[in-house]
Amino acid sequence: MTVTRFGIVGCGSAAVPVCQAIANLPDTTLARVHDVNVELARDLSERCNVPYTTDVNELLNDSDIDAVYLAVPHDLLAGLARQVLQANKHALVEKPLALTLDEIDELIALAEEKQRALGVFYEMRYADSFRQARELVQAKRLGEIFGVKMQTLIDKKLTYWNVGYSGRSANPWRGEKKRAGGGVTLMNTSHLLDALWYVTNLQVTRVAAESGTLVAHVEVEDTLAATLRFHNGALGSLFAGAHIVGAHAGEAFEIYGTHGTLRVPDPYSDEPLEIFLRTRWNDIPAATWHMLPRASVNVFERAVQDFARAVQNNARAPINGNDARRVLQIILAMYRAAEEKRAVNLQ
Ligand SMILES: NC(=O)c1ccc[n+]([C@@H]2O[C@H](COP(=O)([O-])OP(=O)(O)OC[C@H]3O[C@@H](n4cnc5c(N)ncnc54)[C@H](O)[C@@H]3O)[C@@H](O)[C@H]2O)c1
């Protein structure tokens, strides 16, 4: 069996489940971790029983490492990804991969030139709810899709902006426009936009939006409302809020088709999918809400596994620069639409 040997750069919150996934999988191993914060580097190295370094070059020059998982603040992702690819290693980069489309285009070209995989960690796509939704939509069970309603409703503590959800790394980067690039939309809705495309293959062609920092004292948006037009003429709406009091399992969407409606639940919850069809199909009855139970999937393991398989087969990463580009383009268009108070077309 070929084994993919990983290094990790950035030992904050995101790295913890990924380091466990790398350790659990049969064909991946972790060789070394790096962080500029020595305490976090040491902590992750102890959790995963591997050496740590505070010198990124030591990790990049380590010939026992094939691929590097990057989980650092948003403004550092693209630069470090470039360094990883230039060191002839495969890069598995946290979302959103970069803060500009130009940076993403450069990384895609560099990965191509170096013949290395460029993966992006939109692991939520692997949730069983999205797999089932994709199968139903692709099989045209809903008919033609003409509408989508998305929501990112989260009840974050105000301390989130300084220490994240877990409190593992105390750093206010998430609330700083230059470092984070955006707020709840880029940080959270990005996963939903990736999943929506995975499920429906609908391409966004135009957006209008309003955004605000209405609750928290930060530079990025904590609330955003948007309307979307898709390539087939369908319409969509999004409401994203980081401080929705009492929100629970609120990162979800509904898909409206000419033959049926599908409610796709929050991937972080274990709520079932709900479907309403005009006509019976297999064991889904007509004209009533029907629940479809979901399997529990370790999305971190699936994401690492799929990426490692691509590395082993010299194939393109399953979730890659093009996926990151699609999501970032939509979100940047929403930010621009809100700022310029006009609808923005996507090319
Ligand atoms: N896919 C997911 O489900 C998921 C979940 C959480 C976070 N994320 C993403 O992961 C990334 C990191 O987020 P986080 O929550 O772990 O942040 P964090 O602040 O907890 O961790 C970031 C780490 O990067 C380190 N760091 C900063 N500068 C560095 C440098 N120059 N070199 C090496 N390390 C450096 C910090 O010391 C810190 O330990 C972001 O892109 C975020 O969007 C993804």
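Two strands are taken as paired if DSSP finds at least two bridges between them. Helices (H or I, at least four residues) and strands (E, at least two) are DSSP runs, numbered from the N terminus. The model before us is predicted: local features require pLDDT of at least 70 and side-chain atom pairs count only at pLDDT 80 or more, while totals for chains, interfaces and linings use all residues. Residue numbers start from 1 along each chain as its sequence is written.

I begin with the sheet. Nine strands form an open sheet with mixed pairing, in the order β14-β13-β12-β11-β7-β10-β9-β8-β15. Because β14 (289–292) and β15 (344–345) stand at the edges with a single partner strand each, one side of each has no neighbour in the sheet. Strand β13 (residues 273–277) pairs with β14 in the antiparallel sense, over four bridges. Leu273 has Leu292 of β14 as its bridge partner.

Helix α6 (residues 128–138) packs on this sheet, touching β7 (145–153), β11 (250–257), β12 (260–264), β13 and β14; contact requires C-beta atoms, placed from the backbone, within 7 Å. The direction of α6 makes about 165 degrees with that of β12, where axes are lines fitted to C-alpha atoms, for helices over the stretch in contact, and angles run from 0 to 180 degrees between N-to-C directions.

I turn to the ligand. Which residues come nearest? Of the 27 residues around the ligand, they are Gly10, Gly12, Ala14, Glu94 and Ser169, a residue being near if its C-beta atom, placed from the backbone, lies within 6 Å. Helix α4 (residues 74–86) gives the largest share of the shell, three residues.

Conventions:
Two residues are in contact if their C-beta atoms, placed from the backbone, lie within 7 Å.
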